[in-house]
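This report walks through selected side-chain contacts, one group at a time. Keep the model open while reading.

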Amino acid sequence: MKKYDYVIVGSGLFGSTFAHEMTRRGRSCMVVERRNHIGGNVYTELTENIYVHKYGPHIFHTNSRKIWEYVNRLAEFRPFTFSPVANYKGVIYNLPFNMNTFNRLFGVATPEEAETKLKEERKPYLGKSPENLEEQALSMVGREIYEKLIKGYTEKQWGMSARDLPAFIIRRL
């Protein structure tokens, strides 16, 4: 039976990168993967000369030049600017939230006005310990942003009511 220096479970970004680096350093690795392909959720297959992202789009961003140079030695990257928008009943809002979003929602024009409005929106929900995603979002952004920009998207993404999802999912908002 062959012995390995490392047994790596999963060939996603970390597992693949770790195996690559250890092999480069003369170590032996065995990678165990339950799927029939490597790459984890960033796996891309070529179908009729088109790269298809099997598990959804891959966006890699870093502000570290060292990391950017490293990953570009391993794979080809294409420039991409992520600028999503939300369409709520025919009105377009920028995401992530920015001053244009707050102007459209509240009619404010400065960060100070936006912060004042957000404090008003959050006020009814402060002091309570959020027990689910809906309560967590309301305590962070208030009812209007929650109803227009979070609730529908979240429930579509998860396939269930925001009241049935744990609060921690949205704490990074």
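Which backbone oxygen lies 3.5 Å from a polar atom of the side chain of Asn 132? The backbone oxygen of Arg 163 does. The model examined here is predicted.

Start with Asn 132. The residue lies in the loop between H4 and helix H5, which spans 133-158. Asn 132 has a relative accessible area of 9%. Buried means under 20%, so Asn 132 counts as buried. Its side chain also has a polar atom 3.1 Å from the backbone nitrogen of Glu 134.

A polar atom of its side chain lies 3.0 Å from the backbone nitrogen of Thr 110. Glu 113 is found in helix H4, residues 111-122. Its relative accessible area is 38%, which makes the residue partly exposed. Thr 101 is twelve residues from Glu 113 along the chain, and their C-alpha atoms are separated by 13 Å.

**Salt bridges**

Side chains of opposite charge can pair when their charged atoms come close. How many salt bridges does a search of the whole structure find? The search finds ten. The table lists some of them.

| Glu 21 | Arg 25 | 2.4 Å |

Take Glu 21 to begin with. Its closest N and O atoms with Arg 25 are 2.4 Å apart. Glu 21 has a relative accessibility of 11% and counts as buried. The link to Arg 25 is part of a network: Glu 21, Arg 24 and Arg 25 are joined by salt bridges.

Lys 151 and Glu 155 both belong to helix H5. They are four residues apart, about one turn of the helix. Lys 151 is partly exposed, at 23% relative accessibility.

Helix H4 holds both Glu 120 and Lys 117. Here the spacing is three residues, again about one turn of the helix. Glu 120 is partly exposed at 49%. Exposed means over 50%, so Glu 120 stays in the partly exposed class. Lys 117 is also partly exposed, at 24% relative accessibility.

**Aromatic rings**

A pair of aromatic rings is described by the distance of the centres and the angle of the planes. The count comes to seven aromatic pairs. One of them joins Phe 60 and Phe 77, with centres 5.6 Å apart and 55 degrees between the planes. This pair is tilted.

Why does the pair of Phe 60 and Phe 77 tie together parts that are 17 residues apart in sequence? Phe 60 lies in the loop between strand S4 (50-53) and helix H2 (65-74), while Phe 77 lies in the loop between H2 and strand S5 (85-88).

Elsewhere, Tyr 6, Phe 14 and Phe 18 form one aromatic cluster. A ring also meets a charge. Arg 35 lies over the face of Tyr 55, at 4.4 Å from the ring centre.

**A nonpolar surface patch**

Which residues form a nonpolar patch on the surface? They are Tyr 4, Val 7, Val 9, Met 30 and Val 32. Together they have about 440 Å² of accessible area. Strand S1 (6-9) and strand S2 (29-32) are the elements that give two or more residues to the patch. Met 30 is found in strand S2. Its relative accessible area is 33%, and Met 30 counts as partly exposed. Patch members need over 30%, so Met 30 passes that cut-off.

**His 20 and Leu 74**

The last item is a pair of positions. His 20 lies in helix H1, residues 13-24. At 35% relative accessibility, His 20 is partly exposed. Leu 74 is 54 residues from His 20 along the chain, yet their C-alpha atoms are separated by 9.7 Å.

Technical notes
Residues are numbered from 1 along each chain as its sequence is written. This is a predicted model: local features need pLDDT of at least 70, side-chain atom pairs count only at pLDDT 80 or more; totals for chains, interfaces and linings use all residues. Side-chain values use heavy atoms; hydrogens and water are left out. Patches are made of residues with over 30% relative accessible area and no salt bridge: like charges are joined within 9 Å, nonpolar side chains (Val, Leu, Ile, Met, Phe, Trp, Tyr) within 5 Å. Accessible areas come from the Shrake-Rupley method with a 1.4 Å probe; for residues, only the protein chains shown count as cover. A salt bridge is a side-chain nitrogen of Lys or Arg within 4 Å of a carboxyl oxygen of Asp or Glu. Buried means under 20% relative accessible area, exposed over 50%, partly exposed in between (1.4 Å probe, protein chains only). Rings of Phe, Tyr and Trp (its six-membered ring) pair if their centres lie within 6.5 Å; planes under 30 degrees apart count as stacked, over 60 as edge-to-face and the rest as tilted. A charge sits over a ring if NZ of Lys or CZ of Arg is within 6 Å of the ring centre and within 35 degrees of the ring normal. A polar contact is a pair of N or O atoms within 3.5 Å; within protein, one must be able to donate a hydrogen and the other to accept it, and residues adjacent in sequence count only if both atoms are side-chain atoms.
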